[in-house]
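I open my notebook on this structure today. I will write down what I look up, entry by entry.

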Amino acid sequence: MSTQRSSATPVAENAFDIAQKQFDIAADLLHLDANLRDVLRNCKRELTVNFPVKMDDGSIRVFQGYRVHHNIARGPAKGGLRFHPAVTLDEVRALAMWMTWKCAVVGIPFGGAKGGVVCDPKKLSLTELENLTRRFATEISLLIGPDRDIPAPDVNTSPLVMSWIMDTYSMAVGHSVPAVVTGKPLSIGGSEGRLEATARGAVDVIIEAARDRQFPLDGARVILQGFGNAGAPLASFLSQLGCRVIGVSDSSGAIHNPHGIDCARLRLYQRETGTVAGFSMAEPVDPLGMLELPCDILVPAALEGQITHRNADRIKAKMIAEVANGPTTPEADVILGEKGVLVLPDILCNAGGVTVSYFEWVQDLQSFFWDEEEVNARLQRIMVRAYQNVARMAEQHNVNLRTAAHMLAISLVADATRTRGIFP
Ligand code: NAD
């Protein structure tokens, strides 16, 4: 629960333009019918809300929030909620579109959605955060529901935020509806394994890709941007695989130690201080410069637009595992491709989170809960199969993994849309 854009962060290009560019590349290769193309290239529903929140000092502040459905041809809308000062409608549109493709890549029966509130949660008290969350949940209750639209955590939102949404929705309908959100605490219907699911799924994909390319993971040097819900557990998992995490950053700073950083100690330090900056067993480095330091695997796990035409040619990693959504621009993709860098695209690499969210929803609907072993085993099966499907597509069409993942997803969503027909 800790995100601020640092002054070193590059100005992100418009995320929705990027999502549409990625779509166009894949749609061209698929020779997608022009009419279908228009349907899939745009978001189906967009709700903007301006809502008042009572602050601790008695004043009232109006916040702006969004909930966007990109496509629901394959099932209910699914996607996280982001609380961040830099949230925009275009960012939410892009994230919703990526959710549609992501759910299709891993073959789970959801459409794509996303939401966000323009706010800085670090500047809100717990009561103000709860007031904001409950009021926002009420405002978007026009859209959300266990069979319609199921939110989840994203940047700066947590299991606690999800429990407030679940409770607010349940109070309105008069009975408990755990399946209205995922990423909840276990005590109210959360799933075992959800907290680490994104990281675990990314590791499954990294292992498969490394095996395919004879890329040794033992001793591989890792640089990680972002040490939150997704990034922090990944650092531990990669260390357990024998990788050496040599650089880590968060919104307050970056640290580097070419001999390796003790990730367990770093997590303890970060829990105590709220940041990785100042960790004594590493040197401080420039956060943006850190991305360009020599390493084998670079993991963006923070925000969009971090690897662009401005820095791509200076990236030294051999593999980029995209845990963040949209960290690489299409121009950067071209540069990285020419340099022979393997990019594991976000809609594949970080799909473990939504996959276990799907498991949570299924468990809630059945009121029948699985143990962690079962969750992790099912997750691994799905991630490995998704990687193999994407890799096969890439080989067949001689394209990179991002374009292959988009082609796979777009053809599945197009097929569902075509099969259902255009109403009326
Ligand atoms: P989070 O809020 O828990 O953590 C974000 C981390 O990024 C924090 O450590 C923050 O300090 C850091 N950060 C922010 N700005 C930074 C900057 N400019 N430089 C370096 N670090 C910076 O969020 P999260 O849930 O871990 O999400 C991170 C990314 O992963 C997002 O793109 C999100 O959409 C994506 N993602 C998350 C999940 C999930 O299950 N949590 C699933 C799929 C994708």
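**Entry 1: a pair to start with**

Are Lys-184 and Glu-360 buried or exposed? I looked them up, and both Lys-184 and Glu-360 are buried. I note at once that I am working on a predicted model.

Next I checked how the two side chains sit. Lys-184 and Glu-360 form a salt bridge, with N and O 2.7 Å apart. I then looked for their places along the chain. Lys-184 is in the loop between helix H5 (159-173) and helix H6 (197-212). Glu-360 is in helix H12. The two residues are 176 residues apart, so I wrote this down as a link between distant parts of the chain.

**Entry 2: the two domains**

I looked up how the chain is divided. Domain 1 takes residues 1-42 + 191-424. Domain 2 takes residues 43-187. I read off the separation of their C-alpha centres, and it is 22 Å. For the contact I found 55 residues from domain 1 and 52 residues from domain 2.

How much area is buried between domain 1 and domain 2? I got about 4200 Å². Carbon and sulfur atoms give 65% of that area. I remind myself that interface size is often given as the accessible area lost when the parts come together.

**Entry 3: what crosses the interface**

I counted charged pairs first. There are 3 salt bridges across the interface of domain 1 and domain 2. Then I turned to polar contacts. The two domains have 12 residue pairs in polar contact.

Which element gives the most to the side of domain 1 that touches domain 2? I found that H14 does, with 10 residues. Other elements that give two or more residues to this side include helix H1 (15-30), helix H2 (34-41) and helix H13 (372-397). I also sorted the residues on this side of domain 1 by class. I have 28 nonpolar, 17 polar and 10 charged residues.

I picked Thr-403, which is found in helix H14. Its relative accessible area is 11%, so Thr-403 is buried. I asked what Thr-403 touches beyond its neighbours within four places in sequence. The contacts I found are Ile-25, Ala-26 and Leu-29.

How many salt bridges does the rule count? I wrote down 28.

I looked at Arg-93 and Glu-46. Their side chains meet in a salt bridge at 2.7 Å, N to O. Arg-93 is in helix H3 (residues 89-105), and Glu-46 is in strand E1 (residues 45-54). They are 47 residues apart, and the pair links distant parts of the chain. Arg-93 has 19% relative accessibility, so it counts as buried. Glu-46 has a relative accessible area of 38%, so I noted it as partly exposed.

I then took Glu-292 and Arg-314. The closest N and O atoms of this salt bridge are 3.0 Å apart. Glu-292 lies in the loop between helix H9 (287-290) and strand E10 (297-300). Arg-314 lies in the loop between E10 and strand E11 (319-321). The pair therefore ties together parts that are 22 residues apart in sequence. Glu-292 is buried at 18%, whereas Arg-314 is partly exposed at 41%.

I also found a network. Salt bridges with shared partners join Arg-82, Glu-91, Lys-114, Asp-154 and Glu-304.

**Entry 4: Asp-250**

My last stop was Asp-250, found in strand E7 (residues 244-250). Its relative accessibility is 15%, so Asp-250 counts as buried.

What does Asp-250 touch, not counting residues up to four places away in sequence? I listed Gly-274, Thr-275 and Val-276. One of these contacts I looked at by atom. A polar atom of the Asp-250 side chain lies 2.8 Å from the backbone nitrogen of Val-276. The Asp-250 side chain also reaches the backbone nitrogen of Ser-252, at 2.8 Å.

I compared sequence and space for one more pair. Asp-250 and Phe-227 are 23 residues apart in sequence. Their C-alpha atoms are 5.8 Å apart in space.

Notes. Residues are numbered from 1 along each chain as its sequence is written. This is a predicted model: local features need pLDDT of at least 70, side-chain atom pairs count only at pLDDT 80 or more; totals for chains, interfaces and linings use all residues. Side-chain values use heavy atoms; hydrogens and water are left out. Domain bounds come from an automatic or database domain assignment. Contact means heavy atoms within 4.5 Å. Buried area is the accessible area (1.4 Å probe) that two parts lose on being put together, summed over both. A salt bridge is a side-chain nitrogen of Lys or Arg within 4 Å of a carboxyl oxygen of Asp or Glu. A polar contact is a pair of N or O atoms within 3.5 Å; within protein, one must be able to donate a hydrogen and the other to accept it, and residues adjacent in sequence count only if both atoms are side-chain atoms. Helices (H or I, at least four residues) and strands (E, at least two) are DSSP runs, numbered from the N terminus. Ala, Val, Leu, Ile, Met, Phe, Trp, Tyr, Cys and Pro count as nonpolar, Asp, Glu, Lys and Arg as charged, and the others, Gly among them, as polar. Buried means under 20% relative accessible area, exposed over 50%, partly exposed in between (1.4 Å probe, protein chains only).
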